[in-house]
Amino acid sequence: MQEDFYNIENEDKDLKKVGLELMFLTPEKCSNDDGISAVELSKQLKIELNIVKKKLKILYDHQIVRAIGINPKFWKFDEYNFQRMDENDPVYQLLCSFDDVDFDRYFKY
């Protein structure tokens with residue numbers, strides 16, 4: 001499924017932010033053991049809630065995040081499915097492109 005926002009020249013920065021935030025999410029950053037809500041994610045990333053929800057839907061459709069619960073819905077990264085993705089998948093390539101990523105945001109050294 002190739003879509004315009006996945007190409008490298010015009011990569012979807014919000015999708016990448018949401019994906020990486022979930023990828024490097026630690027239990028200490030969550031208010032719930034089941035994961036993080038879209039509202040919490042929106043506040044952390046300073047991205048509008050409706051945009052965060054759209055990006056979560058894209059990640060969910062690619063089976064690299066799981067939704068737990070209904071209201072609120074909590075989100076968790078699915079490492080198992082991510083490792084089994086096709087390396088040519090544009091979402092996989094986007095999330096593996098670390099050139100412009102500030103890892104200090106995710107880790108305390």
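Select Ser37 to begin, and you will find that this residue stands opposite Phe74 in strand β3. Strands here are DSSP runs of E with at least two residues, while helices are runs of H or I with at least four residues, both numbered from the N terminus. This is a predicted model, in which local features need pLDDT of at least 70 and side-chain atom pairs count only at pLDDT 80 or more, whereas totals for chains, interfaces and linings use all residues. Residues are numbered from 1 along each chain as its sequence is written, and side-chain values use heavy atoms, with hydrogens and water left out.

**The sheet**

Next select Ile36, whose bridge partner in β3 is Trp75. Two bridges join β1 to β3 (residues 74-77), and these strands run antiparallel; two strands count as paired if DSSP finds at least two bridges between them. Now colour the three strands, which form an open sheet in the order β1-β3-β2 with antiparallel pairing. Because β1 (36-37) and β2 (65-68) stand at the edges, each with a single partner strand, one side of each is left without a neighbour in the sheet.

Move on to β2 and β3, which pair in the antiparallel sense over four bridges, and pick out Ile68, whose bridge partner in β3 is Phe74. These two strands form a hairpin with five residues between them, and Gly69 in the turn has a positive phi of about 90°. Most residues other than glycine have a negative phi, and most peptide bonds are trans.

**The helices**

Show helix α1 (residues 13-23) together with helix α2 (residues 38-45), which pack at an angle of about 110° with their axes 11 Å apart. The axes are lines fitted to C-alpha atoms, for helices over the stretch in contact, and the angles run from 0 to 180 degrees between N-to-C directions. That makes α1 roughly perpendicular to α2, on a scale where angles under 35 degrees count as roughly parallel, over 145 as roughly antiparallel, 65 to 115 as roughly perpendicular and the rest as oblique.

To see where these helices meet, select Lys17, Val18, Glu21 and Leu22 in α1, which meet Leu41, Gln44 and Leu45 in α2, a contact meaning heavy atoms within 4.5 Å.

Follow the chain to Lys46, which lies in the loop between α2 and α3 and has a phi near 55°, a positive value in a residue other than glycine. Select Ala38, Val39, Leu41 and Ser42 in α2 to see them meet Leu49, Val52, Lys53 and Leu56 in α3.

**The aromatic rings**

Select Tyr60 and Trp75, whose rings have their centres 6.1 Å apart and their planes at 85°, so the pair is edge-to-face. This pair links distant parts of the chain, with Tyr60 in helix α3 and Trp75 in strand β3, 15 residues apart.

Key. Rings of Phe, Tyr and Trp (its six-membered ring) pair if their centres lie within 6.5 Å; planes under 30 degrees apart count as stacked, over 60 as edge-to-face and the rest as tilted.
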